[in-house]
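Notes follow in the order I went through them.

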Amino acid sequence: MLTRMGLSACSMTLAYQQPLIVFARPLWPRAAGASPAPPRTRFVAGARCAGSAHTRHGAVGASTEPQRVPAPRPAPVMEAGDGKEETPLPSALSRFQLSEDYGFLLPNPLTELPAPYGPWMEIARELPQLIASHRLRSRVHQMPQLSTRHLRGREELYLAHLVLSFITMGYLWQEGEEGTVKVLPRHLAVPFWEVSQALGLPPILSHADFVLANWRRKDPSGPLEIENLDTIISLPGGESLRGFILVTFLVEKAAVPGIKAILQAIRAIRQLEEETLHQALQGLATAIGAMGKALQRMHDYVDPAVFYAVIRIFLSGWKDNPAMPDGLVYEGVSEEPMAYSGGSAAQSTVLHAFDEFLGIHHSQESTAFLHRMRDYMPPPHRAFIEEICQAPSLKQHVLCSGDTRLRAAFNRCVAALADFRSYHITIVTKYIAVAKAKAGRAEVGGWAGRPPAALEAKGTGGSHIFSFLKSVRDTTRDGLISA
């Protein structure tokens, strides 16, 4: 039987183990080839439970490399038997910059930066046209050097990161993969770096920019429906790009009840409230099902040819990318090139949180890639994964309870997650494999896109996309508890 700190696997579900907390200073910059860990982690040999279900449960073949340990995390929501009143759910979520209504999405993002940053906003608003007319690079070269000291608060920093990341991707990929550059100009690189440091994000477009902070209501009092939503900043891709971003937004929004269900379930385990736990697991399974329904809308709003030939290249990074094998020099930041992965759905915290909570064990290769993608998440969101990791094991609790209703509810969650991943494979097959077979040039808004050769077998985050997706789907299924 598994043991942890001298306790049996069953008894450990009855006591909350205090997390290992390590205070750390930023480690950036990093040279090309180095792991792009944000400025909030350091490495501690022998540390347990660094946000991995794989290492948490002692999976065979778990890496013996030093584990990442996060910056100080908020105190646990509640400790079993401590006699303290539990933290209200909104407060428990807000400690991780999560919203009761929006989950990991940034609630009502700003759409305008303060007046001193007008030059950035002017370029960002015209990005599709500037790229299509091959004028973006010249406009960036004329851009003034702006200080970031006038940015105030998280919302302004997130909008600045969104704006600068979109400008950077346009600048890099304006001429396609045959016309890349090796240096990001100082007056773009330095402020992008400074804003990234302030947020704990890497200086590249990530899911946190592309989806979480890139939405607005057309009618401020209207519903959160795709017809009433728009992006704040765009790139070539027209309505298909808008649809891709906003359908992904709806998937994140559908996950919100599941995020809340995780915290409710953890409390129920600590308090031995089996009925509450059962209800929370039902809520999680329902939320995962709703995410799948939201994902189906991709067919209605995204043209596969446009996605494959136009959109994908602007999500590409400069790590493990043959089109930019040496990475990118951020002028004024480092003389050495640095390498960062492109935007990827694997950078969404949602499925990482679900995996940790359900105790899903992925292969060592998949786990390594997923952990690298966590470096592209906002630090508080990554801390949320760590909080789940340090909580009592749901799977062990269900196994030791002998409760058939709990086992069935647990299995419904795992099956729903496996079904979601299967449907994701269906989407990727249509938008990459089938689109590749029909590949040609696609033109949107005057920008003629050619399918990037460097992405023929890989996702924009750098994974071997089909083998990775099938692997994580299959290992999710392996998480079912047999009767």
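Predicted model: local features only at pLDDT ≥ 70, side-chain atom pairs only at ≥ 80, totals over all residues.

Leu272 sits in the loop between helix 11 (256–271) and helix 12 (274–295). I looked there because Leu272 has a positive phi of about 55° without being a glycine, and most residues other than glycine have a negative phi.

I found His134 in the loop between helix 5 (127–132) and helix 6 (136–141). With a relative accessibility of 45%, His134 counts as partly exposed.

**Rings**

How many aromatic pairs does the count come to? I get 12. I wrote up two of them.

For Phe104 and Phe384, the ring centres are 5.8 Å apart and the planes stand at 75°. Over 60° is edge-to-face, so that is what I call this pair. Phe104 is in the loop between helix 3 (89–94) and helix 4 (118–125), while Phe384 is in helix 17 (residues 379–390).

Phe244 and Phe307 make a tilted pair, with 5.0 Å from centre to centre and 55° between the planes. This one also links distant parts of the chain: Phe244 belongs to helix 10 (residues 238–254) and Phe307 to helix 14 (residues 304–311), 63 residues apart. Buried or exposed, these two? Phe244 is buried at 17% relative accessible area, and Phe307 is buried at 9%.

Arg137 lies over the face of Tyr171, 5.6 Å from the ring centre.

**Salt bridges**

The structure holds 13 salt bridges. Asp230 and Arg242 form one of them, with the closest N and O atoms 3.6 Å apart. Asp230 is in strand 7 (residues 229–230) and Arg242 in helix 10, so the bridge ties together parts 12 residues apart in sequence. I have both ends as buried: Asp230 at 19% relative accessible area and Arg242 at 12%. The buried cut-off is under 20%, so Asp230 passes at 19%. Asp230 and Arg242 also belong to a salt-bridge network with Arg216 and Glu239.

Next I checked Asp355 and Arg421, whose side chains meet in a salt bridge at 2.9 Å, N to O. Asp355 is in helix 15 (residues 349–358) and Arg421 in helix 19, so this pair ties together parts 66 residues apart in sequence. Asp355 and Arg421 are both buried.

Asp474 forms a salt bridge with Arg473, the closest N and O atoms being 2.7 Å apart. Asp474 is partly exposed at 34% relative accessibility, whereas Arg473 is buried at 14%.

**Two single residues**

Asn411 is in helix 19 (residues 404–437) and is buried at 16% relative accessibility. What does the side chain of Asn411 reach? I found the backbone nitrogen of Ile481, at 2.8 Å. Leaving aside neighbours within four places in sequence, Asn411 is in contact with Leu480 and Ile481.

Ala383 is in helix 17 and counts as buried at 9% relative accessibility. From Ala383 to Gln97 I have 9.9 Å, C-alpha to C-alpha, with the two 286 residues apart in sequence.

Notes:
Residues numbered from 1 in each chain as written. Heavy atoms only, no water. Phe/Tyr/Trp six-rings, centres within 6.5 Å; stacked < 30°, edge-to-face > 60°. Helix = DSSP H or I, 4+ residues; strand = E, 2+ residues; numbered from the N terminus. Buried < 20%, exposed > 50% of the residue type's maximum accessible area, 1.4 Å probe, protein only. Lys NZ or Arg CZ within 6 Å of the ring centre and 35° of its normal. Polar contact = N/O pair within 3.5 Å; in protein donor to acceptor, adjacent residues only side chain to side chain. Contact = heavy atoms within 4.5 Å. Salt bridge = Lys/Arg side-chain N within 4 Å of Asp/Glu carboxyl O.
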